[in-house]
Amino acid sequence: MPNPNVIRDELEDCLAVKARLEVIAATWHDVIVQGVDLTDVDDELASRSIHGCGFLGCTLGPKVARAVAASQCNEDPTKRCLVFPALPNLPFNPYRGKLYSPVELLWDYAQTPNAKGYDESVDWKSYLTFADPKTTKPYRGDSIDVILARRLHDTSIADALDDMLEPIRIQKPGAKKGVVAIMGGHDLPRREKQPKSDDGHAVGDDDWEGMTDDTVYTRVALLAWRLTNLGYLLVSGGGPGAMEAANLGAYFATRTVTELRAAIKSLEIFPEFISGRSGEWLAPALQVMQDFPLTDITRDACTSVGIPTWFYGHEPPAPFATHLAKYFENSVREEGMLAIATHGVIFADGNAGTVQEIFQDACQNYYGTYGTAAPMILFGVDYWDPPTMPVYVNDKRKKAFPLLHKLAEEKGFTHRVLVTDSMREIVTTITKYKP
C-alpha cells in the first residue's frame, strides 16, 4: 500500500525503467510503473528493494512477481506493492501512459480508408463496449470490472493530459504561452463561404480576420490559426463542426491562410457529419492530411488537443488534433476541458452542449474553483445576444449573454466576459490576459 504523502515518479515505458535501474542509488518505493512489459528487466528489478512500488497493468517476470507477492506479508502497509492487473479482452488500454494520436484511434481506417473501415478502428470498438450503437445510449448493468476499466482509462487519460500541460503550467522555456479552448456545435457545416446574398459577394481583406461572408466554421479555423501562431495551445471538444474547425486551424498554423481555405473547400465534399457515416466524414479530412502533412519540424508549432468522448460515440474524433484525450465519462471530460483553459474559452455557435459548457465555465469562475477567472468570449453577438429570444424552433440563437453577465457581475468578473463578432477583439482580449 503506497504512502499517500509521497509524490511518486511515473515510469511509462521500458526505457524509463531501464534508465532508473542504471542509477544504483535510485529508490523504488516512490515509483509507479504504468503499462510496461517488465520481463526483460526481471533479474535486475527483482534485485532492488521494490517494496511499496506500484505496478499498473504491467507484465511481471517471475522473480518480480515473487517479490511483489512477498511484499504483501509486510507488517508495514506502506511497504506492500500496489498491483493493478492487466484487464484482458478490451480494445482499449486502461493504463495507457500517453494521450492518443488520431492514427491510434483510427488506425485500421486510416491505413485502408473506405466507408466500412471505421468499424474496425479502436475508436469504434471501444465505443461498442460502452454504448448500444442502435440507440446510442450507454449500457446499463455492466459488470463492475468493465466499469472499473473505464474509470481507470479515464484517470490515465487525465494524468497523461496533465503531464502534457505541465511545461505550460510551470512556464518551461519553449513551452506554449497558455491554453485557449474553443467550443461550439458539432453541426457547423464544412463550408468556406456563406451562400451568396441578393446584393452579391461581400468583400473584405484576405487575411486571418477573414471576410464578411465567411462561415462560422471558417472564422473559427482562422481564429485558431492566429492564436496558434501567437504561441497558444488550442483545445477543442475533439468532435465535428466547430470543434474540428479549431483543430484544423491549429493544424495549418505553419501554412498560409490561402492553404487553410483550400483545405476547407476540400472538406466540403462531405460537409456535415451524419451519424452512421463516420467513414465518409473522415475520408476528406484524411485526404487533406495527406495533401498537407505535418513534418518533424512543423509538428510542435501545429500542436493542438481534442478532448472527445464516447458518451456521444456516434461522433468520431477530430483527426486534425495532434493529441486526443478521449474519455468515456462526459462529466469528467467537460469539467477538465474547461479547467485547463488557462487563457480563456471561446464559444462559437452551438446547441445544448455548448450552453452547458458556457455555464459550467461560468460556475468555475463564479466560485473561483481554479483560481482567477479567465476570459469567457461568446463569439457571435446575434447568436448569443439577439434582441429578443427567438420563438421559432429552427432559429437556434440563444440569449445567453445577459445571464452570463449577471453571474459575472455578482462575483466581480464582468471584465472577463465578452460577446463580440470581432476576431481582432478576441485575440486582443486573450493576449492581454495575465493569469
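Is Cys 302 buried or exposed? Cys 302 is buried, at a relative accessible area of 0% (buried means under 20%, exposed over 50%, partly exposed in between, with a 1.4 Å probe and protein chains only). Cys 363, at 40% relative accessibility, counts as partly exposed. As for disulfides (a pair of cysteine sulfur atoms within 2.5 Å), the count is 0.

A quick note on the source: this is a predicted model, where local features need pLDDT of at least 70 and side-chain atom pairs count only at pLDDT 80 or more, while totals for chains, interfaces and linings use all residues. Residues are numbered from 1 along each chain as its sequence is written, and side-chain values use heavy atoms, with hydrogens and water left out.

Now to helix 8, residues 216-229 (helices are DSSP runs of H or I, at least four residues, numbered from the N terminus). Just after helix 8 comes Gly 231, with a positive phi of about 100 degrees.

Helix 8 also meets helix 10, residues 257-267: their axes (lines fitted to C-alpha atoms over the stretch in contact, with angles from 0 to 180 degrees between N-to-C directions) come within 11 Å and cross at roughly 145 degrees. The residues in contact (heavy atoms within 4.5 Å) are these:

| Helix | Contact residues |
|---|---|
| Helix 8 | Tyr 217, Thr 218, Ala 221, Leu 222, Trp 225 |
| Helix 10 | Val 257, Leu 260, Arg 261, Ile 264, Leu 267 |

Note on methods. Helix = DSSP H or I, 4+ residues; strand = E, 2+ residues; numbered from the N terminus. Expected span 1.5 Å × (residues − 1).
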